[in-house]
Amino acid sequence: MIATGLLALTLATFTVPTLAHKNREFHNVHTRAIYPISPRNYITPETRRDSYDYIIAGGGLAGLVLASRLSDDGKTTVLVLEAGGTGDDKKSTIDRPGLTYFTSLLGTEYDYADTTVPQTAAGGRSMRWPRGKILGGSSAVNGMYMVRPNSAEISAWHDLIAEDSNKAYADSWTWNSLFESMKKSESFTPPIQAALDTAGMKYDANSHGSSGPLHTTFPA
């Protein structure tokens, strides 16, 4: 589970004033606190630079972590573009994961509300496929859960591009290589003992990272 403030924190590490939650508290929870962290203002036409080293389309978890990594040297400029809102007006809902199921943001302006093609194994029905249209992406509308893709999905992705002409490139898009990148991006905090005793939850520390910009834990 990911705290909303930490979603904003990734944006706050950029070397230029990019999108950030200006009304939320910021805490320096990075284990590699190389550069000072401070709130940034949202980009406006008046404050936008003429050029950036990188422009990232999408302010979901992947886009924010990538932007944080790219700007980690304190010199590289990164602009994150997010089609949805900042989420500041829904802070109380996003910050309380349980409210995801009682006052859900799904089906609202914060949801792309995609649907699948008709599924033969589901009686020809088209299924809902919610996607967060908000800073923080789908995690911001899904109880702040961080869910990794299935290894079979990644293998299928690899097989789609694994032609002889680009085999070396495709081989970097395997589950094993992406798994290592996922761990590198993560700082995992184990659940407290009381949570372990109450919920009986289990975890494998070897499946998590400890020095990345994305801070994750279990609910207490």
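Alanine 113 is partly exposed, because its relative accessibility is 46%. Here buried stands for under 20% relative accessible area, exposed for over 50%, and partly exposed for what lies in between (1.4 Å probe, protein chains only). Alanine 113 is not a glycine, yet its phi is positive, at about 55 degrees. The residue sits in the loop between α3 (91-94) and β3 (114-115). Helices (H or I, at least four residues) and strands (E, at least two) are DSSP runs, numbered from the N terminus.

The model is predicted: local features need pLDDT of at least 70, side-chain atom pairs count only at pLDDT 80 or more, and totals for chains, interfaces and linings use all residues. Residues are numbered from 1 along each chain as its sequence is written, and side-chain values use heavy atoms, with hydrogens and water left out.

**The chain as a whole**

The chain holds seven helices and six strands. From the N terminus on, their order is α-β-α-β-α-β-β-α-α-α-β-α-β. Of the 220 residues in the chain, 36% are buried. The accessible surface is about 12900 Å², and carbon and sulfur atoms account for 54% of that surface. Such areas come from the Shrake-Rupley method with a 1.4 Å probe; for residues, only the protein chains shown count as cover. Contacts, meaning heavy atoms within 4.5 Å, reach along the chain. Among those between residues at least 6 apart in sequence, 60% join residues at least 24 apart.

**The loop between β4 and α4**

Methionine 144 lies in the loop between β4 (128-129) and α4. Is methionine 144 buried or exposed? Methionine 144 is buried, because its relative accessible area is 4%.

Valine 147 also belongs to the loop between β4 and α4. Valine 147 is exposed, with a relative accessible area of 65%. Together with Tyr101, Phe102 and Tyr145, Val147 makes a nonpolar surface patch of about 520 Å². Patches are made of residues with over 30% relative accessible area and no salt bridge; like charges are joined within 9 Å, nonpolar side chains (Val, Leu, Ile, Met, Phe, Trp, Tyr) within 5 Å. A salt bridge is a side-chain nitrogen of Lys or Arg within 4 Å of a carboxyl oxygen of Asp or Glu.

Helix α6 spans residues 175-184, and its Leu178, Phe179 and Lys183 are buried. Seen down the axis of α6, the buried residues fall within an arc of 140 degrees, so they line one face of the helix. The arc is taken from the directions from the helix axis to the C-beta atoms. In general, an α-helix has 3.6 residues a turn, so residues three or four places apart point the same way. The cover over the buried residues of α6 includes α4 (151-161) and β5 (186-189).

Methionine 182 is in helix α6 too. Leaving aside neighbours within four places in sequence, methionine 182 is in contact with Arg148, Pro149 and Trp175. Methionine 182 and histidine 208 are 26 residues apart in sequence, but 8.1 Å apart in space, C-alpha to C-alpha.

Histidine 158 is part of helix α4. Histidine 158 is buried, at a relative accessible area of 14%. Not counting residues up to four places away in sequence, histidine 158 touches Ala170, Asp171, Trp173 and Thr174.

**Aromatic pairs**

Rings of Phe, Tyr and Trp (its six-membered ring) pair if their centres lie within 6.5 Å; planes under 30 degrees apart count as stacked, over 60 as edge-to-face and the rest as tilted. By this rule there are five aromatic pairs. Two of them are set out here.

| Pair | Centres | Planes | Type |
|---|---|---|---|
| Phenylalanine 188 and phenylalanine 218 | 6.1 Å | 80 degrees | edge-to-face |
| Tyrosine 203 and phenylalanine 218 | 6.3 Å | 45 degrees | tilted |

Phenylalanine 188 lies in strand β5 and phenylalanine 218 in the segment after β6 (214-217), so their pair ties together parts 30 residues apart in sequence. Phenylalanine 188 is buried, with a relative accessible area of 14%. Phenylalanine 218 is partly exposed, at 27% relative accessibility. Tyrosine 203, in the loop between α7 (193-199) and β6, is 15 residues from phenylalanine 218, and their pair links distant parts of the chain. Tyrosine 203 is partly exposed, at 33% relative accessibility. Phe188, Tyr203 and Phe218 form one aromatic cluster.
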